[in-house]
Amino acid sequence: MLVPWTQYLNSNHFYLLDYVFDSSSTQAEDINRLHVYFLFAAAFILFVVIGCTVLVLLKFRHRQGVDYQPKSLSQKWEILTIGVPMLLVIVFFVLTLKTMHRVLPEVNGRKPDVVITGHQFWWEANYPAQKVITANEIHLPAGRTILLKLLSADVIHDWWVPDFGNKMDLVSGKENYLWLNIKKPGVYHGACSEFCGAQHAGMQLTVIAEGEDDYEKWLTSHASLPAVITDTIAQIGEKLFTEKTCGNCHNISGTSNRGRDGPDLTHLASRKTLLTGLIENNKDNLGKWILKPQEIKPGAKMPDFKMDKQSADEIVAYLSSLK
Ligand code: CUA
């Protein structure tokens, strides 16, 4: 059945195009605008080149008794064929510099709203003003310009959320910055886009953009300690967590567990996913992860503690209560 072509623009057939040009941040708007200019210029050049080729083929095709002599181009044509490409290069050079300046202006001493640290193979998000630290599900405010500071704890990672347009490396020993103005609240998916080791492909990224009220509410809840554990199994799990030295790598605020090499677990139960979004955050998955981490995410830094099922269940009960 024939459908009007305009219908395709709203259908899944163009999802890739839609994805590329979806501007969910003002930075993406700028980048995509430049991209469209490039596309038009490239299409124009393509048509001119094809047009000239066809013209030459028709005009100088072999004819009986006609002998073409090579002729040098007139100076006027030479100026035109060198001048137009030069002009295009200059125009796009200036447009690119202007876009870069708008997307990535100077930091000028402004304090970052969020410090993102890339680890093999997860993300830490630190909100210095509110003293909040979380991992993997990164909450950001929508509707205002924020500054992210990007660091790496080990190798080079790369922050890329396609909807936001801009991407930036996280390099050990170097501070990189990224400006972001997310237009609408929503959940945005991205991934590490610099090969960083065995689980590079498993280093996904989730940004939860929220309106000002929801964002403030989230910050306030995460700045406070989780509720006191009352469940007896969870209490056993809390003790086990420390005994099994989980706290050497994981921080849980308000306890003696202060590790920073693994994700902060203070409010783990409030996250929707585990392992940078690879699996849903539920008791079943958390138990499997603790028992067989290397089967679920081979190459991750989480060691296999050869724990018995009961201990794992008790620790799961504890972690699941950390809202
Ligand atoms: Cu981190 Cu690739």
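Biologist: What makes the 2.6 Å link between the side chains of Thr266 and Asp264 a polar contact?

Modeller: The 2.6 Å that joins these side chains is set against a limit of 3.5 Å between N or O atoms, one able to donate a hydrogen and the other to accept it, so the pair qualifies. The side chain of Thr266 also reaches the backbone nitrogen of Ser253 at 3.0 Å. The model is predicted, with local features needing pLDDT of at least 70 and side-chain atom pairs pLDDT 80 or more, while totals for chains, interfaces and linings use all residues. Residues are numbered from 1 along each chain as its sequence is written, and side-chain values use heavy atoms, without hydrogens and water.

Biologist: Why is Thr266 called buried?

Modeller: Thr266 has a relative accessible area of 4%, and buried means under 20% (1.4 Å probe, protein chains only), so the word applies to this residue of the loop between α6 (232-243) and β11 (273-274). Leaving aside neighbours within four places in sequence, Thr266 is in contact (heavy atoms within 4.5 Å) with Pro226, Asn251, Ile252, Ser253 and Leu322.

Biologist: Why is strand β8 (residues 176-180) described as largely enclosed by the rest of the structure?

Modeller: Four of the five residues of β8 are buried, so the description follows from that count.

Key: Buried < 20%, exposed > 50% of the residue type's maximum accessible area, 1.4 Å probe, protein only. Helix = DSSP H or I, 4+ residues; strand = E, 2+ residues; numbered from the N terminus.
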